[in-house]
Amino acid sequence: MRSKAIITSALPYANGEIHLGHIASTYLPADVTTRFLKLRGVEAYYICASDDFGTPILLQSEKEGKTPSEYVTYWNKRDYDDFTAAGIDFDFFYKTSSSENIQFVQDVFKKLDAAGHIYEKEIIQFYCSNDKKFLPDRYVKGICPYCKAADQYSDLCESCGRVPEEIFDPRCSICGATPTKEKTTHYFFKLKNFGDSLSKWLDENENLQKDVKKYVQNWIKSGLIDWDITRDIVWGVPIPLDTAKGKVFYGWFDNHLAYISTAIKFLEDKGINGKEFWNSADIYHFIGKDIVYHHYLFLPAMRLGINSEYKLPDYIPTRGHLTLQGKKISKSRNWYIGLKQFLEYYPADYLRYYLVAINPYSQDDLNFDWNEFTNRINSELIGNVGNFVNRALGFTKKAFDGVIPETEVHDDKDKEAENRIKNLST
Ligand SMILES: [Zn+2]
Ligand SMILES: [Zn+2]
């Protein structure tokens with residue numbers, strides 16, 4: 001353990017409310033870890049930002065008649081307020097659409113380009129002649145070519161977690177029509193070049209979860225494909241080339257760079273040398289298992305591509321999904337509990353205690369069960385912990401006027417108790 005740490009959690013997509021699933025897999029484990037490190041005397045900072053760009057946000061803001069900028073400003077504030085109500089204590093919460101991040105992303109792209117990791121290629125892209133626009137990512141739905149799950153977005157299969165090379169039976173997600181194919185020039189990141197160095201990094205890093213490493217290594221063995229980092233849409237970080245007018249970066253090119261740009265902004269505002277701090281700190285990226293591909297391959301490859309100017313993560317704690325009464329959470333099927341709504345009924349500490357208590361150190365799923373929640377809060381949090389604190393405080397008040405007295409005798413029994421407490425925290 002180093003004396004400094006930067007902790008990030010997967011950036012909340014500025015496109016809908018935070019629910020219990022988000023909290024369980026990412027934000028609460030990161031918050032608890034940060035608090036623990038701070039108590040141990042580590043100079044630790046918990047950094048996060050809203051993920052503001054991309055097609056789903058553009059699509060939804062169009063539907064609501066807002067500008068994308070107005071739309072993400074609302075969700076940035078709402079997310080932050082909900083997190084705060086749940087006791088998630090960020091040192092800094094910013095946004096991927098910040099001028100600092102846009103500048104940083106463009107600089108990284110230029111460095112990758114200069115190092116020969118970028119190439120341009122004319123590709124065939126889905127185009128909807130009804131809507132008169134190119135249809136990247138979520139503008140197209142279809143069947144996943146790997147696991148054959150239906151109704152999956154073309155940029156991520158939510159069923160198997162992979163990024164489809166080409167989706168089967170494509171449909172325009174705005175009007176449902178079968179799209180046509182048109183030519184456009186796109187920029188690609190040579191992920192293929194990084195297979196060996198990624199494999200070596202995974203092997204050498206003992207702190208990464210073994211269960212995740214194993215299947216990421218299998219992906220590498222089965223062959224990586226280069227990443228199309230371009231989108232023909234108006235909402236994103238502009239690609240800084242004269243030949244790329246009107247094109248922006250794919251959200252997964254810019255969003256994880258905000259871990260760095262946001263940390264640097266926060267540190268420099270405090271008068272600390274950001275890069276120096278980053279490179280001498282333990283770096284934690286907390287994620288849910290649905291974005292393993294992006295964090296174990298894409299993110300490290302991009303850092304390797306700029307000569308590890310900002311060091312790679314030491315830890316990528318990867319958590320499973322929360323199920324609700326044994327069933328998968330689904331916003332579209334209205335099977336979820338919004339964080340804000342939950343906190344209207346119960347104190348944040350109930351939620352925090354229960355989710356921490358059931359969270360395993362693995363990517364196995366965890367289940368929220370109302371009966372178990374009631375029992376554990378009543379018997380453990382209130383019955384055991386609450387009672388213990390209440391009795392100790394009550395006794396102190398009654399017997400010592402509310403002031404803890406100096407120790408008179410420190411015998412073997414006291415030492416044994418002290419040792420047991422100390423060993424719990426290491
Ligand atoms: Zn799939
Ligand atoms: Zn259409």
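1. Secondary structure. The protein chain holds 14 helices and 17 strands. The model is a predicted one.

2. Overall dimensions. The chain has 426 residues and a radius of gyration of 24 Å; a compact globule with that residue count would have one near 22 Å, so the value agrees. The C-alpha trace spans about 85 × 45 × 40 Å along its principal axes.

3. Burial and contacts. Of the 426 residues, 37% count as buried. Take the contacts between residues at least 6 apart in sequence: 74% of them join residues at least 24 apart.

4. Helix α2, buried side. This helix covers residues 55–64. Its buried residues are Thr 55, Ile 57, Leu 58 and Ser 61. Viewed down the axis of α2, they fall within an arc of 160°, and therefore line one face of the helix. Their cover includes α3 (68–85) and β11 (230–231).

5. Helix α2, other side and end. Lys 63 and Glu 64 are exposed on the other side of α2. Gly 65 comes just after the helix and takes a positive phi of about 70°.

6. A three-stranded sheet. The strand order is β7-β6-β8. The sheet is open, and its pairing is antiparallel. β7 (152–153) and β8 (168–172) are the edge strands, each pairing on one side only.

7. The β6–β8 pair. Strand β6 spans residues 140–143. Three bridges join β6 to β8, and the two run antiparallel. Which residue of β8 stands opposite Lys 141? Arg 171 does.

Technical notes:
Residues are numbered from 1 along each chain as its sequence is written. Chains are lettered from A and ligands numbered from 1 in the order in which they are written. This is a predicted model: local features need pLDDT of at least 70, side-chain atom pairs count only at pLDDT 80 or more; totals for chains, interfaces and linings use all residues. Two strands pair if DSSP finds at least two bridges between them. Helices (H or I, at least four residues) and strands (E, at least two) are DSSP runs, numbered from the N terminus. The radius of gyration is taken over C-alpha atoms; the globule rule is 2.2 Å times the number of residues to the power 0.38. A residue is buried if 20 or more other C-beta atoms lie within 10 Å of its own, exposed if 12 or fewer, and partly exposed in between; C-beta atoms are placed from the backbone. Two residues are in contact if their C-beta atoms, placed from the backbone, lie within 7 Å. The arc is that of the directions from the helix axis to the C-beta atoms.
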